[in-house]
Amino acid sequence: MTTAHNTTPQYPFTAVVGMDDLRLALLLNAVSPAVGGVLVRGEKGTAKSTAVRALSALMPTVDVIGGCRFACAPAAPDPGCPDGPHGAGAVESRPTRMVELPVGASEDRLVGALDIERALAEGVKAFEPGLLADAHRGILYVDEVNLLHDHLVDLLLDAAAMGASYVEREGVSVRHAARFLLVGTMNPEEGELRPQLLDRFGLTVEVAASREPEQRVAVVRRRLAYDADPAGFAARWAAEEEALRHRIAAARELLPGVVLGDGALRQIAATCAAFEVDGMRADIVMARTATALAAWAGRTDVLEEDVRQAALLALPHRRRRNPFDAPGLDEDKLDQTLAEFGADEGADGDDDPEPDGPDGGPDGDGPGGGRPPQDDSGPAEAPLPPQPELPHQSDRENPPAAQPPEEPAPEADARPQPQGAAGEKPAVGAAEPFRTRRLDVPGLGEGADGRRSRARTAHGRTTGARRPHGALGRLHLAATVQAAAPHQHARGRRGAGLVVRRDDLREAVREGREGNLVLFVVDASGSMAARKRMSAVKGAVLSLLLDAYQRRDKIGMITFRGAGAELALPPTSSVEAGAARLEQLPTGGRTPLSAGLLRAHEVLRVERMRDPSRRPLLVVVTDGRATGGSDPVARASRAARLLAAEGLASVVVDCESGPVRLGLAGELARDLQGTAVTLDELRADSVSALVRTVRGTRTAHGDQTVHRNRKAA
């Protein structure tokens, strides 16, 4: 939906407190949209969306051809515009649009909808534009962009790459221009972004709430003042907004005259090479960003400080090699590279930072790249009534947990040990992750698009046809013609045209892949505490987490040891959080296997109510031993059969090692009516690594696996 004709004024951009990098990145895109947009990463409640929405009020107006739904420019209309060809029509001037793409939007809402019924019956391309058409020559904003469905991500990638959107329905196609400034916000705790879309964002910034009390006070006071009187608050900041709008316009005029010298360009290339970024997009984005920084500072030459600031904005998200790598840049290495490849021109002979652009520009006495103007005092604000004093943040937080002893003395399992007791051993590092076999949930699901298990989806291969439920999706042309053909005479058909009614339409039934909820139940007891074994186990779980990330799954993690089981990670889309929990996982104590399985049963029950279409896959990582309490093996067996009774797909990763094996993990797999695999069999490149479907009911193959484990014992 577009943010047009909103009666409540937007929160002013200049009233945003702090967030220097975020405001600078947004302003650079306002100066030079060719920079390629901004990805804003940060914790919830940090004004990410507020700052982005406020940007649209600062953008210059756009001239469009009157009546054109695709915002064609009068000076250079799109020759393929569906509303064209355009004559000498009226020219309209309108504010730059900011179009918001909801996470749950449909494909037709994004790219537009084509009326297939009219196209077949009348030969008319009746096209209803989507959000990509609305965003042309404007801003496309995606809040929680990391939660966007894969098929929408693919469409965004295509439009961003080609500058156009194509809508095709059974041979009937429509194309229109779609060039926009892409801005996204995300909370990394909720999952990472696909690398292909990540690279499409020109700049990225990390935001976090300030830890300075005075700055937090200013944030709260301004927000309360805005909520009490939005119009009055906006009026008090109108002068600052107008000054910033003029500075953006001046920088835009200056931008074509900015010279990127050979020295600065050499620094850009050397920096990208030193940080081993993929492809050449980083070099191009850095060059455009450095040029925009110079124009923003009112200069016509690019300095080393512009190159440095451009690197800090353009490179962090392009250096990641796997989803567990935190984005960031080694600033010492950056400074060393810039010094080694120092610019030969533009960096000397001008020590005066005063800008020479139009009006001098605000903040002319700042650094070359400049920072967005920020006066924390702002315009005079009406005093607010005293607020009740809140407890300090640290008073509400739990004290840090006690660190485990470095070298705990080995103890017999004489009594149950609570978590963190003397039997606990410090966390060990994970072995190198590897590519795992694909583990599927059997049957045909209807969950969210992903890459793991078979499911009915909006994309994939066509397996049949059906009458549409509600709006028509993908037309099944052959089935539609077959349904309409017997009625042509009765409908008075004349000539070559096919008379099609609504009841004749059939939509394609497609089969693709879905993402699942992968719930890990990890044995962290004393029997797993041998450093070499636990390192291998953590490496296996880390590999499965990486596989879950690539297959667009949600993940959760339960650990059991000592006196019970703990939900270490509630179901989430963030594999980074899972990897962090795994890294900190200590070991030691008894093996309450039944507690881990019962906790898994409870977690899955709750998740089934929250998201009934997402099918779960249980992965139990254990050697199969169970200790603690009366008859622990029998209790674990009963808990496993309880899970099996609900038709749950499960796999047991057998961590037992050594020449003598008891085969207890195989027995657990039989009770779960699932499959047991060894750590070695989990590897995709192992000899026995044929892709195996995890059976929700016991199969002959599962029986053979259990039999083999028993024989080995």
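Trainee: What is the pLDDT over residues 687-693, and how many contacts does the model have for them beyond four places in sequence?

Mentor: The model is predicted, and its pLDDT stays under 50 over residues 687-693. For that stretch the model has 19 contacts beyond four places in sequence. Residues 695-713 also have pLDDT below 50, with 31 contacts in the model beyond near neighbours in sequence. On the scale from 0 to 100, pLDDT is the predictor's confidence in each residue. For the chain, the mean is 79, and 79% of the residues reach 70 or more.

Trainee: What makes α1 largely enclosed by the rest of the structure?

Mentor: Buried means under 20% relative accessible area. Of the 12 residues of α1, 10 are buried, so the helix is largely enclosed. Among them are L22, R23, N29 and V31.

Trainee: How do you know that the reach of α1 is close to the expected value?

Mentor: Helix α1 covers residues 20-31 and reaches 16 Å from its first C-alpha to its last, against the 16 Å expected at 1.5 Å a residue.

Trainee: Why do β18 and β21 stand at the edges?

Mentor: The open sheet has 6 strands in the order β18-β17-β16-β19-β20-β21, with mixed pairing. Both β18 (564-572) and β21 (675-678) have a single partner strand, so one side of each is left without a neighbour in the sheet.

Trainee: How do you know that β17 and β18 pair?

Mentor: Pairing needs at least two bridges. Strand β17 (residues 554-561) and β18 have 6, in the antiparallel sense. F560 stands opposite A565 in β18.

Terms used:
Residues numbered from 1 in each chain as written. Predicted model: local features only at pLDDT ≥ 70, side-chain atom pairs only at ≥ 80, totals over all residues. Heavy atoms only, no water. Helix = DSSP H or I, 4+ residues; strand = E, 2+ residues; numbered from the N terminus. Contact = heavy atoms within 4.5 Å. Expected span 1.5 Å × (residues − 1). Buried < 20%, exposed > 50% of the residue type's maximum accessible area, 1.4 Å probe, protein only.
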